[in-house]
Amino acid sequence: MPGEPIPRPGQPVRGSETGRPLMAALDLLGRRWTLRVIWELRQGDVGFRELRRRCEHMSSSVLATRLGELTEARIVETGGEGYRLTPLGERLLDALHPLEKWGLAWEKALRE
């Protein structure tokens, strides 16, 4: 929802009045398209138009909002060739890899 504050550890977020860091992260990452934007930046710098194309043509306004939120959260930054993950964003991506592996195992289990 536009105008929502960007989740931050230590501040109330969805699911946590105290703003526990994990709950703040889940609130941020649970916003529509946020994980997709992070995933598309995993291979390096991407310009706005290309990122929008990779995200199945999501609206420019939603992409701009998500990039702004992720920039303020210090997960994404602008570079010479567009947007890229910060070192903190890279660490987040590393943390998501076990979830990706779990998703593949889940898919396999559902097929069996």
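Predicted model: local features only at pLDDT ≥ 70, side-chain atom pairs only at ≥ 80, totals over all residues.
**View 1. Threonine 34 in helix 2.** Threonine 34 lies in helix 2, which covers residues 34-40. Threonine 34 counts as buried because its relative accessible area is 1%, under the 20% cut-off. Leaving aside residues up to four places away in sequence, threonine 34 touches Leu28, Leu29, Arg66 and Leu70.

**View 2. Glutamate 50 in helix 3.** Glutamate 50 belongs to helix 3, made up of residues 48-54, and its relative accessibility of 29% is the reason why this residue counts as partly exposed, a class that runs between the 20% and 50% limits. The side chain of glutamate 50 makes a polar contact of 2.6 Å with the side chain of arginine 53. Tryptophan 106 is 56 residues from glutamate 50 along the chain, and the C-alpha atoms of these two residues are separated by 31 Å.

**View 3. The largest pocket and its lining.** The largest pocket holds about 320 Å³ of space, and among the 15 residues that line this pocket, Ala25, Leu28, Ala73, Ile75 and Leu88 are the closest to its centre. Helix 1 (21-29) and helix 5 (87-111) each supply at least two residues of the lining, with helix 1 giving the most, namely 5 residues. In terms of domains, the lining draws at least three residues from each of domain 1 (1-30) and domain 2 (33-111). By residue class, the lining of the largest pocket comprises 11 nonpolar and 4 charged residues, with no polar ones.

Note on methods: Residues numbered from 1 in each chain as written. Heavy atoms only, no water. Helix = DSSP H or I, 4+ residues; strand = E, 2+ residues; numbered from the N terminus. Buried < 20%, exposed > 50% of the residue type's maximum accessible area, 1.4 Å probe, protein only. Contact = heavy atoms within 4.5 Å. Polar contact = N/O pair within 3.5 Å; in protein donor to acceptor, adjacent residues only side chain to side chain. 1 Å grid on protein atoms, 1.4 Å probe; cavity = no way out; pocket = protein on both sides within 12 Å on 5 of 7 lines; lining within 4 Å. Points joined across faces, edges and corners; volume = space filled by probe spheres on them. Nonpolar A, V, L, I, M, F, W, Y, C, P; charged D, E, K, R; others polar. Domains from an automatic or database assignment.
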